[in-house]
Amino acid sequence: MTEHAGVTDDEANIPAVPPSGRSSSPAAGPNGDPAKDPAKAMDRMYRVTRHIYDITRRYYLLGRDRMLERVVTTDDTATLEVGCGTARNLIRLARRPHHGHLYGLDASHEMLETAAGSIRKAGVDEIVLRQGLAEALDARKMFGRDHGFDTIVFSYCLSMVPAWEGAIEAAMANLRPGGQLVIVDFWDQADLPGWFAAGLKKWLSLFHVFYRPDVHTALTKLGDSGRADVSFESVAKRYAYVAIVNKR
Ligand SMILES: C[S@@+](CC[C@H](N)C(=O)[O-])C[C@H]1O[C@@H](n2cnc3c(N)ncnc32)[C@H](O)[C@@H]1O
């Protein structure tokens with residue numbers, strides 16, 4: 001058992017914390033080694049940068065507002081962002097007059113602490129935050145929901161999750177039939193001039209972010225499999241894509 005900021009983590013418990021709380025990762029490495037523990041790795045990555053995250057990322061996490069335009073909410077919908085980070089996207093959704101129930105999941109305790117503070121500061125309705133891994137998503141255990149979500153959002157998250165295949169499968173399993181995955185992430189920059197794309201790739205790598213072609217291919221295959229209808233939109237000359245995955 002470990003303790004952070006006055007909130008107890010119990011490795012045996014499913015994470016279920018109020019927005020300001022912390023809990024353990026169900027898939028955390030047994031020895032807390034950041035190399036083997038995705039949650040600790042994310043904490044290490046964001047411990048300092050989370051304080052300047054929203055200001056700096058606005059310049060290169062393009063397409064997030066376009067992605068949000070694709071998210072349909074009503075008073076009754078349940079929308080989850082996996083890898084919600086600072087809750088930047090969830091707060092925008094919460095400002096809608098009809099935002100329904102909003103949930104955020106993130107591996108990083110550090111990011112969730114910033115998210116909880118931002119939500120308080122924004123003065124929006126409740127957004128339920130939980131700590132855990134995308135690939136271990138379980139609507140019932142993590143959020144006490146008996147039914148799947150209407151929408152699950154991945155915003156610049158899949159490209160940095162080592163177990164991204166598991167994350168997509170877990171999201172599909174926790175989506176109601178007819179529900180949507182809405183994804184924004186880096187694309188291949190194919191419509192940008194070669195020299196510009198090459199420089200951009202180098203610059204993005206400084207922030208540990210990059211295009212992961214396998215994710216795009218897997219989403220295309222998901223569409224081909226008949227389990228979902230999948231469409232892609234280009235953002236800024238294929239700098240990024242917005243993918244809509246409608247579960248059948
Ligand atoms: C690039 S940030 C994007 C944050 C936010 N979605 C946005 O658009 O501003 C990626 C987020 O994914 C989280 N993350 C990385 N791996 C994860 C995993 N396996 N499970 C859940 N969250 C993860 C990180 O902690 C981080 O907050």
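# Briefing: Helix Packing, Ligand Shell and Loop Residues

Of the contacts in the protein chain between residues at least 6 apart in sequence, 66% join residues at least 24 apart. The model is a predicted one. Its protein chain has nine helices and nine strands, and 45% of the 248 residues in that chain are buried.

**Helix 1 and helix 5**

- Helix 1 spans residues 38-46, and its buried residues are Pro38, Ala39, Lys40, Met42, Asp43 and Tyr46.
- These buried residues of helix 1 pack against helix 5, which covers residues 109-122.
- Two packed helices are described by the angle between their axes and the distance between the axes.
- For helix 1 and helix 5, the axes come within 7 Å and cross at roughly 60 degrees. Helix 1 is therefore oblique to helix 5.
- The meeting residues are Met42, Asp43 and Tyr46 on the helix 1 side and His109, Glu110 and Met111 on the helix 5 side. By class, this contact of helix 1 with helix 5 comprises three nonpolar, one polar and two charged residues.

**Surroundings of the ligand**

- The ligand has 23 residues around it, of which Gly83, Gly85, Ser108, Ala134 and Ser155 come nearest.
- Helix 1, helix 4 (88-94) and strand 4 (101-106) are the elements that give two or more residues to this shell.
- The shell around the ligand consists of 14 nonpolar, five polar and four charged residues.

- Thr49 lies in the loop between helix 1 and helix 2, the latter being residues 53-57.
- Thr49 counts as partly exposed because it has 14 C-beta neighbours inside 10 Å, whereas a buried residue would need 20 or more.
- Although Thr49 and Met111 are 62 residues apart along the chain, their C-alpha atoms are separated by 9.4 Å.

**Alanines with positive phi**

- Ala87 has a phi near 75 degrees, a positive value in a residue other than glycine.
- The position of Ala87 is in the loop between strand 3 (78-82) and helix 4.
- Ala87 counts as buried because 28 C-beta neighbours lie inside 10 Å.
- Ala236, likewise not a glycine, has a positive phi of about 50 degrees.
- The loop that holds Ala236 runs between strand 8 (228-235) and strand 9 (240-247).
- With 13 other C-beta atoms within 10 Å, Ala236 is partly exposed; a count of 12 or fewer would have made a residue exposed.

Methods:
Residues numbered from 1 in each chain as written. Predicted model: local features only at pLDDT ≥ 70, side-chain atom pairs only at ≥ 80, totals over all residues. Helix = DSSP H or I, 4+ residues; strand = E, 2+ residues; numbered from the N terminus. Contact = placed C-beta atoms within 7 Å. Axes fitted to C-alpha atoms, helices over the stretch in contact; angles between N-to-C directions. Parallel < 35°, antiparallel > 145°, perpendicular 65-115°, else oblique. Nonpolar A, V, L, I, M, F, W, Y, C, P; charged D, E, K, R; others polar. Near = placed C-beta within 6 Å.
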